[in-house]
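I opened this notebook to record what I looked up in one structure. The entries are brief and follow the order of my reading.

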Amino acid sequence: MGGPGVFVGRDKELAAIETCADAVREGEVWVVAVEGEAGVGKTSLVRRALARLPDFEIWWASCDEAERDFGFGMVTQLLSRLPPEATAASPMLASRSKPDASALAVGSELLGLLDGRQALTPVAVVVDDVQWADEESRTALAFVLRRLWSARVLVLVCARTRPGQEAVQGQRPGERLYRGAGRIKNIALRGLDDQALADLVAATGGEALEPLARQRLLEHTGGHPLYLLALLADLAPQELADTSHPLPVPDTLAGTVGHTLAQLPDQSRDLVEALAVLNSRVPLALAGQVAGLTDPATVLGPALHSGLVQWWPNEPSTPVRMRHALQRDAVYHALDPARRFALHAAATPLVDEHSAWLHRVASSDRVNEDLATRLEREAERNREQPDRAATLLLWAADLSEDRERREHRLTEAAVVLVIAARTARALTLRQAVLGCRPSPLRQALLGAMATARGEPQNAERFLTEAVATADDDHTRLLAALWLSGHYLLWNRTDEALPVLLRALNLPLPDVQLARALRSLFALALAHSDGPLAGLSALGDLGLPSDAQDVPLPDSPLLAPRGTLRGLAGELTAGITDLTALVEREPGTVLTDTAASGYAYRGLFQYLTGAWDAGMASTQEALTLTGAQERHPALVLAHAVAAMILAGRGARDDAERHLRACERAAGGATTLYPLIARATAGQAEADHPAMAAALADLSAAPGSVRRTWQLLWRPLEAEALVETRAEGAPAFLEGLRKLADEVPCLRDASTWLTARHTTLGGNTDAALDLLRTGLAAPAPVDRIALHHTRLLHVYARLLLEIRERRAAAPLLRTAHQQYQALGAEPFARRVADDLVACGAALDTAPLGPADTIGQLTEREMTIARLTAAGNTNREIARQLCVSTKTVEYHLGHIYLKLGITSRRQLRPLLER
């Protein structure tokens, strides 16, 4: 670890990376997260590790704080070393990611490209300074990492932690990027130790230091490589060993760098200062021009020798840059203001368009209304990149010549971020917005921010005032949108509807706002009068019935329509709408909308029995919501994951998602945590637990119960029937009436009524009900678990009246259907019934492998989908992975189970 050409220590860390690389060569994806304070040597460690992996193709991105506003900047860097033909088949990647592309679309193409490249050679993907990654790239790469189940890919992520602070689970700087990956190795870098310091002294050609001098130096610097190198370069061994005097240089990096800079010749110092202002890798000639040098090559040597500057002499333009961001910051902040302004002004005409705006702003030492106006116009042109637009508006605010203009630009920046769901960044502006003079827009923004902060009383106060006092249509629409959203979040439908109706009567020139208002109106009607009423409101917009025919600009409306179709019992249609939504072309769907689309699709896939695909959809929603603690999609995604995992008997994992669901709900009146807990009780046949979980249903508003009754009514009916509650008969009658409107509930209504009838002692009537239900024509949509429960209840009743011969085949069928779902707790109960009737399941060995239980969760997912008759391509599409990934896993599945074909797989899963 050290300066140019010097690396010492870190043997343990290098060995850990090499171990991961060996596994990658065998097809295991590994993420190595290297964490530590700035300058401790994270990048040097990764470079040294990669130097030992000559067979790996390297994709490298160095994130920069000044570039985090540019969408897909990180992805563009990752692809920059690849030949053009590598990305030719990927339209967005070939064009280096269009600004209007969606993160999901770019992620999908990136997955395909990476999958193809790793088939040729192992790939190392490096993301340096991940804490500054742009949001679009972070989401796209997270999308990829959740799907790289098997590939020769090593991902190395370098992330800064604050000095003296250890990274902890759930708070790691890069965790949003890689937490969906299967194999993660965390490496925490600290300062160099005594042996590494001795090696560093030897490697830099210095005299060996006595142990006391080394100890003194380590205590003074904390083993920080940059500090150590500066001190070793400037001090003689006797000075380092002389404990009677303090070390003669400051123990801060700024002081150390300042001392180094002061030793340089004037023109070399000018070059370093110009590079600090440019803050990027630039041609040497350009840096010299900014510094005012006629021959920069002649003064480069001392700058390189100081360790402050890095040079690439083998490239045609011989680019240079500051070696480390900490050194750059120290030099930049030490610049005399006049000198800094002059260097920024010199850089403005020489750099690219985007960087030029930064230098124009930085070279202005006073308010500049003309520049502020130009920045505002540039922000308008960059509206498709909300982070960039917000930054430009904030710069314009700083340069505004009066308070009114400054506050207008500040609040517009906040509006851009709130609308684009950049919640975390928007909240950083809260104090500045609070400092603005009261206005309707200010109040509306404070209300939206209060909602995001989980402060419902403040949110309502600010938003109500904004709606009442807004004096322009744009502010009225924003305030109405955020207030009605607040009311719906807290299930106050009666108050949301009037606000929405008034807003919809206003001119709606902003298409995005118009769609958002119409979507909320449909959802409000669904809360008020049921999902069919909401669908009717959406029908008035004239959307084509076939999702594929919905025009691209109307894509966001597929979200409420798909949701309401599913909640109305049209499960297949709901899944179709939501699938079309999340697979839409780039730029047509906001990430926030896609997250909700995936979460609801996962719910409806769970109901139809596509549990594996449903789990994949919930993972998509969790990826897109990132590190947000509260998000409607987050609540539902965790609930659905808990329901599926509980149904499969994975109690601990289900409980983890249940707790996350309750945390994400944050006190909002939502039924998802209740429904998920009741479903967990159902899986274990713990009916008192089901009743306890649903006890708070009565406290929920009627609109909430009406909207989600497809989910909670069958669960509560089961709890009432099995606990023999007095209200069971009346409740079952209500379920029967609902099933007349929502045919997918007929199976549940039938078996629950039959079960209640049996408990009442009328076995014959119960048998008639069950036979009629099983003989009825299948509805268009069927809830898989309900149908198998109907079959199981009938078989058990036959067993109870000693018709074992008739019960056995029905039990076997029920067992097969539960096994197809992966519903292990339900399947175990059927197996017990089979034993009771003397028809035990076949317990023959499954082959050379011990049991089907040897398969991993991901292998089991692919095995089930394969056994269900899906092709590799169909499985890949459902799970959003590559076909090669499916093929790879099938190979492992066959090997573990001792089989050679798909035909042999189905019987094993049915046992």
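The entries below cover strands, helices, cysteines and backbone angles.

**Entry 1. Ground rules.** I noted that this is a predicted model, in which local features need pLDDT of at least 70 and side-chain atom pairs count only at pLDDT 80 or more, while totals for chains, interfaces and linings use all residues. Residues are numbered from 1 along each chain as its sequence is written, and side-chain values use heavy atoms, with hydrogens and water left out.

**Entry 2. Strand S4.** I took helices (H or I, at least four residues) and strands (E, at least two) as DSSP runs numbered from the N terminus. I counted as buried any residue under 20% relative accessible area, as exposed any over 50%, and as partly exposed those in between (1.4 Å probe, protein chains only). How many residues of strand S4 are buried? I found eight of the eight in residues 153-160, so S4 is largely enclosed by the rest of the structure. In a regular strand the side chains alternate between the two faces of the sheet. I saw Val153, Val155, Val157 and Ala159 pointing one way from S4, with Leu154, Leu156, Cys158 and Arg160 pointing the other way, and all are buried.

**Entry 3. Partners of S4.** I treated two strands as paired if DSSP finds at least two bridges between them. Strand S1 (residues 30-36) runs parallel to S4 and is joined to S4 by seven bridges. Within this part of my reading, Gly36 has Arg160 in S4 as its bridge partner. Strand S3 (residues 123-128) also pairs with S4 in the parallel sense, over five bridges. I located Leu154 in S4 as the bridge partner of Ala124, and Val155 in S4 opposite Val125.

**Entry 4. Strand S3.** Is S3 mostly covered or mostly uncovered? I found S3 mostly covered, with six of its six residues buried. Val123, Val125 and Val127 lie on one side and Ala124, Val126 and Asp128 on the other, and all are buried. Strand S2 (residues 57-62) runs parallel to S3, joined by six bridges; Ala61 stands opposite Val127 in S3.

**Entry 5. The crossover.** I traced S3, helix H6 (residues 135-147) and S4 as a right-handed β-α-β unit. Right-handed here means that, with the strands pointing away from the viewer, the path from the first strand over the helix to the second runs clockwise.

**Entry 6. Cysteines.** I looked for disulfides, each a pair of cysteine sulfur atoms within 2.5 Å. The count comes to zero. Cys661, at 1% relative accessibility, counts as buried, and Cys837, at 10%, also counts as buried.

**Entry 7. Backbone angles.** Most residues other than glycine have a negative phi, and most peptide bonds are trans. Which loop holds Thr318? I placed Thr318 in the loop between strand S7 (309-311) and strand S8 (319-322), and its phi is near 40°, a positive value. Arg724 has a positive phi as well, near 55°. I found Arg724 in the loop between helix H39 (709-722) and helix H40 (728-741). At 58% relative accessibility, Arg724 counts as exposed.
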